[in-house]
Amino acid sequence: MKRTLPALLLLSFSLVAIAAGVEPRAFDRPEQEARYRALIAELRCLVCQNQNLAESDAELARDLRDQTYEMIRAGRSDDEIVEFMVGRYGDFVLYRPPVTVTTALLWFGPAVLVTLGAVLALLYVRRRAGRTTGATLSEDEEKKARALLSGKAVDP
Amino acid sequence: MIPEIGHFALILALGVAAVQGVLPLIGTARGIPGWVATAVPAARAQLLLLLVAFGALTYSFVVSDFSVAYVAHNSNTEQPLVYRISAVWGAHEGSLLLWALLLALWTVGVSLFRRGLPDELVARVAATCGLVSIGFLLFMLLTSNPFDRLIPVPTQGRELNPLLQDPGLALHPPMLYMGYVGLVVPFAFAVAALMEGRVDAAWVRWSRPWTLVAWVFLTLGIALGSWWSYYELGWGGWWFWDPVENASLMPWLVATGLLHSLAVTEKRGAFKAWTVLLAIFGFSLSLLGTFLVRSGVLVSVHAFASDPARGVFILIFLAAVVGSSLLLYAWRAPAVAGGGSFELMSRETLLLLNNVVLVAASASILLGTLYPLFMDALGLGKISVGPPYFNSVFVPLALPLVLLLGLGPLVRWKEDSASALARALWPTAAAAVALGTALVVLLGGGTVVGVILSTVLAVWVLLTAGAGLARRLRKRGGLAGLFGLPRAYLGMVVAHLGVAVLTLGIAVSSTYSKERDVNMGVGESAKVGNHDFRFEGVTRLPGPNYLATQGTVRVTREGREVATLHPEKRQYASQSHSMTEAAIHSRLTRDIYVALGEAAQGDAWSLRIYNKPFIQWIWWGSVLMALGGLLAATDRRYRLLAEAARQPGAGGPSRLALAGKR
Amino acid sequence: MGRYVALGLFLILLIFLGYGLTLNPREVPSPLIGKPAPAFRLPTVADPAKSMGTDDFAGKVTLLNVWASWCVSCRQEHPLLVELARKGSVQVYGLNYKDTRQDARRWLASFGDPYVASAFDEDGRVGIEWGVYGVPETFVIDRKGVIRHKLTGPVTPENWAKTLQPLIQRLQTAD
């Protein structure tokens with residue numbers, strides 16, 4: 001008798017991945033196909049763990065790929081398509097969050113961080129520069145390192 | 001009975017970890033030699049107990065003991081033996097056991113290959129590891145016991161996720177965990193240094209090779225994971241910026257920074273406090289990654305099943321370990337500060353900038369990974385932060401780093417002349433621009449700034465590494481001197497070449513890849529890039545625990561036979577979805593990648609075909625980096641330390657490498 | 001001073017992570033709240049010749065319940081919907097999402113039909129217009145035809161008593 005283990009559905013390692021969306025589609029121009037691929041790569045599948053529309057095998061992802069494809073064929077612009085999706089599913093569908101007041105820290109944080117880091121580092125260097133004395137290690141440390149290398153190390 | 005032995009061994013290990021974490025610390029503080037001496041035997045006893053536990057769990061998998069819940073959830077009798085074994089670490093509970101086991105292994109490694117380490121330092125390091133171990137063992141015993149029984153006992157188990165039934169993924173977690181856990185050693189050294197209030201050259205020479213070995217494992221682990229997702233997931237991608245990937249990249253970036261800052265601390269005695277802080281960051285980020293992946297606060301492709309109790313536990317654990325070590329740092333940092341001085345134009349400055357960029361990159365990834373959580377927590381709405389964000393933030397940080405990387409090794413320590421450098425290097429820079437641009441034209445042209453810039457920089461690294469090597473060899477009388485060069489130097493050159501190869505692989509493959517989805521009937525052909533693909537139909541093949549539909553695709557180029565590929569779709573009995581097994585034909589300069597889609601009308605099938613130039617360079621570059629790390633870790637001066645100490649059990653270069661591998 | 005920075009940042013991070021444990025990262029709020037319900041007109045499940053649409057809601061507070069016969073949690077919430085319809089607490093319309101007519105009718109026959117009518121959204125296009133991403137979903141629409149609330153997942157006695165019922169009562173008494 002084979003027991004089913006329903007609780008396991010919740011416990012399982014939830015890596016769901018299957019080659020999804022191998023869907024030959026016809027486009028009028030290669031530029032449209034490029035736009036289609038770029039769009040489905042940047043739109044999020046809402047029901048999936050963390051996948052874009054291109055990667056997901058979920059039914060909804062398939063429908064939204066169809067939707068994207070049809071809108072492209074109908075001559076709608078990328079912005080219009082993104083607006084369509086956001087209007088129905090919210091900013092959550094965008095893997096590229098829009099730059100707004102609330103995402104300013106996200107978008108500008110890294111640049112601020114690296115600039116601040118570089119400035120602090122250079123200030124630190126300038127403060128230290130010009131006092132070159134030649135001693136790298138303190139005398140104590142020098143002695144210890146030498147002792148170690150010569151084999152008379154650290155016998156407690 | 002066997003699982004109970006395993007469970008009991010875990011409980012004993014917890015007790016031993018408590019001894020290992022507490023007695024030596026009191027011993028060193030109060031000067032009680034007997035208590036100090038408990039550290040090493042306790043670490044060894046713990047390793048033994050965890051080996052018993054791990055053995056018991058492995059045994060339960062091998063004999064398919066479905067009375068153990070974890071076994072029943074992740075294995076069944078039809079699963080091939082090798083995947084019954086790899087299932088031991090295939091899910092949450094078992095992977096924690098592997099963590100704990102590797103932690104004990106690293107601790108014992110430090111005590112075995114101590115290379116003249118003073119007893120007190122060994123004791124402090126082992127105690128720190130012991131304290132971390134207490135956390136992991138408690139976590140396992142309280143929330144995630146791999147030995148929990150299942151009643152009633154099912155006659156058949158569920159199955160390990162078929163995606164994980166793959167040699168690449170059987171090996172990926174142990175490698176990656178070796179890296180994550182290995183960062184505990186520099187961390188423990190840093191904590192010990194803070195307790196002692198001293199960071200000296202000897203300390204650096206002890207902790208540096210350990211950091212290198214851990215970094216090598218982390219590098220290989222990440223590369224293996226990326227390679228696996230490339231050939232197994234069927235999307236042709238190799239990096240998805242998923243939280244679980246970010247969780248491994250963040251400690252890697254910081255560990256890379258740490259390696260460079262250790263170099264400065266060793267050679268010049270500078271950046272001491274910073275080095276210690278980076279060592280703390282590195283391990284903290286590996287713990288944070290554990291939290292992110294296992295607590296359910298983020299949505300990730302690879303997330304482990306989450307449970308609020310687990311999340312709360314790891315959070316407390318994280319707060320205890322990271323909080324206390326940062327507090328210790330804040331308190332003791334002044335004691336370890338100081339060091340040699342240097343001028344603005346010096347290798348120290350460049351390495352400091354390297355650290356700034358690496359830490360900023362790591363922090364940016366952390367920011368992007370956690371931003372949706374911040375927004376949600378503050379009630380500002382739900383957003384997603386994905387690959388478009390990470391690419392646009394990471395690439396502009398990575399490219400200057402590659403520029404610095406070429407320059408750094410050619411600049412003198414302490415002080416150099418900017419004008420002399422410029423005079424010496426402008427021909428190299430010009431050659432890099434010319435050769436890099438020529439390469440892009442050769443590869444397909446276009447005026448994509450990113451690919452030109454990356455290629456030029458990759459060539460720049462190649463040329464500067466060559467220039468540096470030539471300069472050294474001239475001093476040593478030609479090529480014959482190559483093997484006389486210090487391994488640390490060779491290691492650096494090899495690792496930096498690895499970065500060049502990686503950069504080229506990423507830039508070229510992401511710019512010039514060709515992709516097509518086609519429906520093909522039997523006998524029909526499609527052209528992708530300069531290859532023709534002829535579909536010759538599908539056959540059904542039974543596998544050990546799945547039924548495969550195997551396609552045959554004949555690949556030709558200008559009429560000449562190139563390869564016959566067999567992409568598969570596998571239907572596992574336990575799964576509703578079928579899994580794809582892409583067929584890949586790799587050459588040095590390109591991969592041809594065919595994945596089988598769905599049956600279409602008649603005998604036609606949909607197929608996805610990629611031509612990905614230079615993609616293998618991504619993983620070869622990573623392997624070179626790891627090789628460089630290994631070379632550097634086996635440098636003569638670390639061996640000298642060992643010989644100097646003449647400790648029984650301390651050994652030569654290969655032994656050091658073994659310390660990681662066993 | 002600088003040496004406390006790392007500790008400070010870490011403590012802030014901890015607070016967020018701790019708070020994060022109480023949040024559900026999978027729940028996506030609808031941008032349609034406070035906006036007019038997207039208009040649609042579709043044939044009904046019961047009769048392909050008849051149609052149902054947003055116009056039918058006119059003037060009354062309405063629950064639009066998105067359901068399917070293949071949806072497991074729909075069965076869980078269904079008895080409650082049947083009971084609500086029986087008591088006449090609110091008018092309930094259905095949107096039958098990506099289903100077959102036969103399955104849908106059989107399902108209603110065996111579990112009861114709480115819906116004034118169910119629209120038959122075979123290809124899920126109306127579902128997309130409404131931002132449906134997981135079935136069941138339930139929308140609360142006010143008398144002016146504005147979406148006031150969206151519940152993802154089954155209606156339970158708890159969320160009915162706590163959220164839906166008070167909201168519906170408020171909307172019904174408001175002018």
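Select Ala599(B) and Trp605(B): Ala599(B) stands opposite Trp605(B), a residue of S10(B). This is a predicted model; local features need pLDDT of at least 70, side-chain atom pairs count only at pLDDT 80 or more, and totals for chains, interfaces and linings use all residues. Residues are numbered from 1 along each chain as its sequence is written, and chains are lettered from A and ligands numbered from 1 in the order in which they are written.

**The sheet in chain B**

Two strands pair if DSSP finds at least two bridges between them.

The four strands form an open antiparallel sheet, in the order S1-S10-S9-S8. S1 (514-520) and S8 (583-587) of chain B are the edges; each has a single partner strand, so one side of each lacks a neighbour in the sheet. From one strand to the next, the twist averages 15 degrees.

**Helices of chain B**

Select H6(B), residues 92-112. The helix has 21 residues and spans 30 Å from first C-alpha to last, close to the 30 Å expected at 1.5 Å a residue. That expected span is 1.5 Å times one less than the number of residues. In H6(B), 21 of the 21 residues are buried, so the helix is largely enclosed by the rest of the structure. Buried means 20 or more other C-beta atoms within 10 Å of the residue's own, with C-beta atoms placed from the backbone.

Next, show H1(B), residues 2-30, with H7(B), residues 119-143. Their axes come within 7 Å and cross at roughly 145 degrees. Axes are lines fitted to C-alpha atoms over the stretch in contact, and angles run from 0 to 180 degrees between N-to-C directions. The residues of this contact divide into 17 nonpolar, six polar and two charged. Nonpolar covers Ala, Val, Leu, Ile, Met, Phe, Trp, Tyr, Cys and Pro; charged covers Asp, Glu, Lys and Arg; the others, Gly among them, are polar.

**Where B meets C**

Show chains B and C together. Chain B gives 24 residues to the contact, and chain C gives 17 residues. Contact means C-beta atoms, placed from the backbone, within 7 Å. On the chain B side, H13(B) supplies the largest share, 12 residues.

**Chain A**

Finish on chain A: six helices and zero strands. Of its 156 residues, 30% are buried.

Terms used. Two residues are in contact if their C-beta atoms, placed from the backbone, lie within 7 Å. Helices (H or I, at least four residues) and strands (E, at least two) are DSSP runs, numbered from the N terminus. A residue is buried if 20 or more other C-beta atoms lie within 10 Å of its own, exposed if 12 or fewer, and partly exposed in between; C-beta atoms are placed from the backbone.
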